[in-house]
Amino acid sequence: MGFFKKKKNILPPAEDHIEANLANSTVYVRDLQKIYPSAKGDVQAMKDVNINVMENEFVSIVGPSGCGKSTLLRMIGGLDTATSGKIVIQDRDIIGPGADRGMVFQSYTLFPWMTVGDNIKFGLKLRKMPADQQEEILNKYLKIIKLEKFRDSYPRELSGGMKQRVAIARALANSPEVLLMDEPFSALDPQTKADMQLLMRQIWQEEKPTVIFVTHDIEEAVFLSSKIYVLTQRPGTVKAEVPVLLPYDRDLSLKDTDEFIELRRKVNQLIEHESLS
Ligand SMILES: Nc1ncnc2c1ncn2[C@@H]1O[C@H](COP(=O)(O)OP(=O)(O)OP(=O)(O)O)[C@@H](O)[C@H]1O
């Protein structure tokens, strides 16, 4: 029985419909607050953040610089602790890192002394998965990221985009309940970035991972997501939850359509108003 069902009897009736929605949540963030103590006084990075990510959703977090996007992702990843509030994945309170969450960062985080294959199998080896199953999963993900020929290469032999493809495969190979991505494509050149967005969308359409994706690139957020949370400037809180009602099968030509441009403009305006206020 899930966390929300257990609490049913103590919720007032008015919240019943909210609870019904949350029962399907993979990630549930409530009243999250983050204060960084500093010599010059406390820095309130985040205030009353509430987000709700359903199973198989691709959710992006956008907002002005310094609004707390990375802090929020780090807290969901268990790499940082909240000052108050709650983060629940399925029915478990998050108090630290765990294999239930895969992470991909902007900076390249592959183990440089391991081949591509060993990087992808790393988590599987830790779990002592039988070798034949490891091979099966490795082959599946090498194919998905189109790097079958690079299985025995080392990270130093790969381009930035290839390294991020391996990082995504390494995270997904562990079948995480949620994939957390912090600006994973922002260091790449524009063409590689567009290729990676297309690949990421294809992976999502085929594999349906639950994803929380932090980016400052609104076009990227609209292209990839099923839902976008726009945060306010610091202290960051949720300003808007924007559903992305665009076709399910997407390719890069979608970016030139009126409906895409209109939605990108809407999200941009939400952030611009924030930056000017
Ligand atoms: N260790 C820290 N000590 C003090 N303040 C911090 C610390 N880490 C982050 N902050 C502050 O908290 C706020 C949120 O930072 P965070 O990096 O999460 O924002 P962001 O939205 O990801 O920014 P950007 O879009 O520029 O990457 C910022 O104002 C930052 O200066």
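Glu183 is found in the loop between S7 and H7. Helices (H or I, at least four residues) and strands (E, at least two) are DSSP runs, numbered from the N terminus. The model is predicted: local features need pLDDT of at least 70, side-chain atom pairs count only at pLDDT 80 or more, and totals for chains, interfaces and linings use all residues. Residues are numbered from 1 along each chain as its sequence is written. Phi of Glu183 is near 45°, a positive value in a residue other than glycine. With 19 other C-beta atoms within 10 Å, Glu183 is partly exposed. The classes are set by C-beta atoms placed from the backbone: a residue is buried if 20 or more others lie within 10 Å of its own, exposed if 12 or fewer, and partly exposed in between.

Lys128 counts as exposed, with 7 C-beta neighbours inside 10 Å. Most residues other than glycine have a negative phi, and most peptide bonds are trans. A cis peptide bond joins Arg234 and Pro235, with omega at about -5°. Pro235 lies in the loop between S9 and S10.

The protein chain as a whole has nine helices and 10 strands. Its radius of gyration is 19 Å, close to the 19 Å that the globule rule gives for 277 residues, so the chain is as compact as a globular protein of that length. The radius is taken over C-alpha atoms, and the rule is 2.2 Å times the number of residues to the power 0.38. Along its principal axes the C-alpha trace spans about 55 × 45 × 45 Å. Of the 277 residues, 36% are buried.

The chain is divided into domain 1 (25–100 + 179–276) and domain 2 (110–175). These bounds come from an automatic or database domain assignment. The domain centres, taken over C-alpha atoms, are separated by 25 Å. At the boundary, 13 residues of domain 1 are in contact with nine residues of domain 2. Helix H7 (residues 190–207) gives the most to the domain 1 side, with six residues. By class, that side has 10 nonpolar, one polar and two charged residues. Here Ala, Val, Leu, Ile, Met, Phe, Trp, Tyr, Cys and Pro count as nonpolar, Asp, Glu, Lys and Arg as charged, and the others, Gly among them, as polar. Gln191 lies in helix H7. With 9 C-beta neighbours inside 10 Å, Gln191 counts as exposed. Gln191 and Asp118 are 73 residues apart in sequence and 28 Å apart in space, C-alpha to C-alpha.

Strands pair if DSSP finds at least two bridges between them. Two bridges join S5 to strand S4 (residues 84–89). Ile89 stands opposite Arg92 in S5.

Another open sheet is formed by six strands in the order S6-S7-S8-S3-S9-S10, with mixed pairing. Strand S6 (101–104) and strand S10 (238–243) each have a single partner strand, so one side of each is left without a neighbour in the sheet. Neighbouring strands are turned by 15° against each other on average, direction ignored. Axes are lines fitted to C-alpha atoms, for helices over the stretch in contact, and angles run from 0 to 180 degrees between N-to-C directions. Strand S3 (residues 58–62) and strand S8 (residues 211–214) pair in the parallel sense over four bridges. Phe58 has Val211 as its bridge partner in S8. Helix H3 (residues 69–76) lies across S3, S7, S8 and S9, running at about 150° to S8. Helix H6 (residues 160–173) touches S6 and S7, and its direction makes about 175° with that of S6.

Met103 lies in strand S6. With 22 C-beta neighbours inside 10 Å, Met103 counts as buried. Not counting residues up to four places away in sequence, Met103 touches Gly77, Ala171 and Leu180.Helix H4 (residues 116–126) has buried residues including Val116, Ile120 and Leu124. What covers the buried residues of H4 includes H5 (131–144) and H6.

Conventions
Two residues are in contact if their C-beta atoms, placed from the backbone, lie within 7 Å.
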